Amino acid sequence: MQKESRGKIEVLLLGVDQSYQVSRKRYQEKSAQIFERCQINWPDVLLEKGWDDVQESFNLGGYGISVIDEHGIVRGINVGKRQLEKLLKDCGAFGAE
Amino acid sequence: MAKTRFLGWNALAFFLFFPVQFVSGSEPVTIKMKPVASEVSGEKPIQGLSGLLGRLFLGNRSQPMQWQGSLSIDGKLHTFFLPEAKTYSTDNPSKQSWQQENKSSQICIDANADGNITIDERWFSNLPVRFGNRMFDVTRLARDGSQLTLAPSKAPLSGLVLGKKCPPFSFLDEDKKTRSLDQYRGKILLVDVWSIT
């Protein structure tokens with residue numbers, strides 16, 4: 001989907017592994033493996049306070065994808081795959097340049 | 001015409017039964033909560049081991065709302081609820097903010113006014129609570145839930161609300177580059193909360 005969008009879509013990964021006592025070294029090793037396997041190159045953040053950071057910054061309590069449009073407006077919170085595709089279309093992610 | 005009149009009567013009834021508090025300036029406002037008039041329930045969060053077991057074995061997904069209040073901020077009416085509980089408190093002995101560990105009472109704001117409370121519409125009362133584009137601190141919450149006091153907060157805007165602006169953020173990624181909301185202007189950003197575990 002990201003390729004189809006021709007650069008309109010960006011992804012930011014927020015890692016909560018600090019809440020599970022995972023070391024930064026372990027996180028970096030494992031995430032590098034996952035990125036290579038999935039052939040992705042998304043920026044990732046290992047949050048210092050894990051879930052506490054997610055709760056305090058975004059009021060989110062679970063895994064999932066949230067969608068912020070090009071104007072910085074929240075268009076979806078913890079969306080599933082189907083809803084995500086629809087939201088991205090609605091946001092004009094796949095429109096002509 | 002008939003529809004307009006009908007809506008007018010409904011609005012009048014609403015204001016009679018649920019007096020609306022208006023917020024202006026920086027003064028705290030105390031809200032007298034009313035028992036929920038019609039059945040309103042919300043998606044139940046998974047809290048602690050008992051919550052997880054309840055979800056897995058009992059399919060316990062719904063939580064009824066007990067108290068209802070209204071707040072008008074910048075001309076917009078916000079309806080919010082307190083979920084059913086024996087007692088209410090802003091205390092969080094665990095000192096951890098996240099849903100699994102946070103023991104403070106929750107405030108459920110029906111942000112999209114659809115009469116259904118989703119997980120993202122729940123806020124912990126020990127943390128700043130977002131109404132529209134403003135943050136409030138819950139400075140007092142009656143033990144029986146019948147009254148609460150909200151004070152405009154000095155905390156920065158936080159929390160995701162559908163249709164509202166994303167709060168500013170700034171994180172250092174694993175390549176030591178700063179990632180902030182401003183960098184994504186003009187792009188569609190997918191924020192993906194994940195873990196390797």
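Here is a quick tour of a two-chain model, from the overall layout down to single residues.

This is a predicted model, in which local features need pLDDT of at least 70, side-chain atom pairs count only at pLDDT 80 or more, and totals for chains, interfaces and linings use all residues. Residues are numbered from 1 along each chain as its sequence is written, while chains are lettered from A and ligands numbered from 1 in the order in which they are written.

- Chain A has 3 helices and 4 strands, and from the N terminus they run β-α-β-α-β-β-α. Helices (H or I, at least four residues) and strands (E, at least two) are DSSP runs, numbered from the N terminus.
- The C-alpha atoms of chain A fill a box of roughly 45 × 30 × 20 Å along the principal axes.
- Of the 97 residues of chain A, 34% count as buried. Buried here means that 20 or more other C-beta atoms lie within 10 Å of a residue's own; exposed means 12 or fewer, partly exposed is in between, and the C-beta atoms are placed from the backbone.
- Chain B comes to 2 helices and 14 strands, and 29% of its 197 residues count as buried.
- Take the contacts in chain A with a separation of 6 or more: residues 24 or more positions apart account for 47% of them. A contact means that the C-beta atoms of two residues, placed from the backbone, lie within 7 Å.
- In chain B, 49% of the contacts between residues at least 6 apart in sequence join residues at least 24 apart.

**Where the chains meet**

- 48 residues of chain A are in contact with 41 residues of chain B.
- Elements giving two or more residues to chain A's side include strand 1 (9-15), helix 1 (24-38) and helix 2 (51-58).
- By class, that side of chain A has 27 nonpolar, 12 polar and 9 charged residues. Ala, Val, Leu, Ile, Met, Phe, Trp, Tyr, Cys and Pro count as nonpolar, Asp, Glu, Lys and Arg as charged, and the others, Gly among them, as polar.
- K187(B) lies in the loop between strand 13 (178-180) and strand 14 of chain B. With 16 C-beta neighbours inside 10 Å, K187(B) counts as partly exposed.
- Beyond its neighbours within four places in sequence, K187(B) is in contact with K8(A), I9(A), E10(A) and E70(A).

- Two strands pair if DSSP finds at least two bridges between them.

- Helix 2 of chain A is mostly covered, with 7 of its 8 residues buried. Among them are W51(A), V54(A) and F58(A).
- Those buried residues pack against strand 1 of chain A together with strand 14 of chain B.
- Just after helix 2 of chain A, N59(A) takes a positive phi of about 55°.
- The largest nonpolar core has 48 residues, and V54(A) and I107(B) touch the most other members. Such a core is a set of buried Ala, Val, Leu, Ile, Met, Phe, Trp, Tyr and Cys residues joined through C-beta atoms within 7 Å.
- Strand 14 of chain B gives this core its largest share, 5 residues.
- Leaving aside its neighbours within four places in sequence, V54(A) has contacts that include L14(A), L47(A), W98(B) and V193(B).

**A second sheet, in chain B**

- Here 4 strands form an open sheet in the order 2-11-10-9, with antiparallel pairing.
- Strand 10 (residues 134-141) and strand 11 (residues 147-152) of chain B pair over 5 bridges, and R140(B) stands opposite T149(B) in strand 11.
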